[in-house]
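Okay, everyone, let me walk you through this one.

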Amino acid sequence: PTIGDTSFCQLLLPSLSLSTNYCFHPAMGVRFGLSVYQGKGAVITTTSNVYSFNFLQLNADYKLDLSALIGGYNHKRVCSVYLFAGVGANYGFDNKQAADLKPVVDAYFDDDVLPYLWGSKLFVAGRFGAGLDFRVGDYVTLNLEANSNLLCDHFNSKRAADRNVDWQFNLLAGVSVSFGKKYDTSKKWLAEEEARIAAERAAAEAAAAAEAAAAETEATAEEA
């Protein structure tokens, strides 16, 4: 919501997210997480004034594994694509920089640009996003995810011209570790393994039969 008041790079900040997942279907599951972020806003007076604030967010998401939904469940799949949507409880705190900036902004503007100042406040967030899971082994997966969070216009203390919602965009890279067995053997993979083993057994039996026939032919020739 404040990109127009400063450069995009000035609004970039690191973030941390921890989560736990539970799959109740080969292609569906739920995820609960805690996100620790720092938010930024900006107001232009004679210059671009950037301010920051902190927040914690508890998330609950519904995940849909598109790869399993379209291509069938395969516990050996190297890369999986997923979508998710959910809600979050966002607790904002340490908004002192915006409060310190308000007298400067009020002296410059006739309108109140920062009418929603808060010291600490609880917000409700809507969430959605997409991600990739890269299988490293049975217990380790690398993750890459992009997500968006929608919050009310009060979140950055700044009033939007048309009362738009405030947005938070995140790009996350991480590692997932599974404890215990995390999958049931997929039927497709099991069928492929059974077919491969049957083909190897048939080839071995055919080779043994050919050797036996060759040996019998050689013995007959020697007798003759």
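I'll go from the overall layout to the strands, then the core, then the aromatic rings.

Quick housekeeping: this is a predicted model, so local features need pLDDT of at least 70 and side-chain atom pairs count only at pLDDT 80 or more, while totals for chains, interfaces and linings use all residues. Residues are numbered from 1 along each chain as its sequence is written, and side-chain values use heavy atoms, with hydrogens and water left out.

So, the layout. We've got 3 helices and 7 strands, where helices (H or I, at least four residues) and strands (E, at least two) are DSSP runs, numbered from the N terminus. Reading from the N terminus, the order is β-β-β-α-β-α-β-β-β-α. The protein has 224 residues, and 31% of them are buried. By buried I mean under 20% relative accessible area; exposed is over 50%, and partly exposed is in between, with a 1.4 Å probe and protein chains only. The accessible surface is about 13400 Å², with 62% of that belonging to carbon and sulfur atoms; those areas come from the Shrake-Rupley method with a 1.4 Å probe, and for residues, only the protein chains shown count as cover.

Now contacts, meaning heavy atoms within 4.5 Å. Take the contacts between residues at least 6 apart in sequence: 65% of them join residues at least 24 apart.

On to the strands. Two strands pair if DSSP finds at least two bridges between them. β2 and β3 run antiparallel with 17 bridges, and a hairpin of 3 residues connects them. If you want a landmark there, find V43, which sits opposite N49 in β3. On β3 there's also an antiparallel pairing with β4, residues 79-93, through 12 bridges; Y62 has A85 in β4 as its bridge partner.

R127 is bridged to N149 in β6. Then β6 goes on to pair antiparallel with β7, residues 166-177, over 12 bridges, and L144 is opposite A173 in β7.

The C-alpha atoms of V50 and Q10 are 7.9 Å apart, although the two residues are 40 apart along the chain. Leaving out residues up to four places away in sequence, S52 touches Q38, G39, K40, D94 and Q97.

So which residues touch the most other members in the largest nonpolar core? They're V43, Y51, F53, V105 and F155, out of 16 residues in that core. A nonpolar core here is a set of buried Ala, Val, Leu, Ile, Met, Phe, Trp, Tyr and Cys residues joined through side-chain atoms within 4.5 Å. The elements giving two or more residues to this core are β2 (28-44), β3 (48-65), α2 (96-108) and β5 (120-135). Now click on F53: beyond its neighbours within four places in sequence, its contacts include F93, D94, N95, W118 and F155.

Which brings me to the rings. Rings of Phe, Tyr and Trp (its six-membered ring) pair if their centres lie within 6.5 Å; planes under 30 degrees apart count as stacked, over 60 as edge-to-face and the rest as tilted. The whole structure has 11 aromatic pairs. One of them is Y91 with F93, stacked at 5.9 Å centre to centre and 20° between the planes. Another is W118 with F123, edge-to-face at 5.7 Å centre to centre and 70° between the planes. Both W118 and F123 are buried. By contrast, Y91 is partly exposed at 38% relative accessible area, and F93 is partly exposed at 29%. There's also one aromatic cluster formed by Y37, F53, F55, W118, F123 and F155.

Last stop, charges over rings: NZ of Lys or CZ of Arg has to be within 6 Å of the ring centre and within 35 degrees of the ring normal. R31 has its charged end over the ring of F84, 4.6 Å from the centre. K63 lies over the face of Y82, 4.2 Å from the ring centre.

That's my tour, so over to you.
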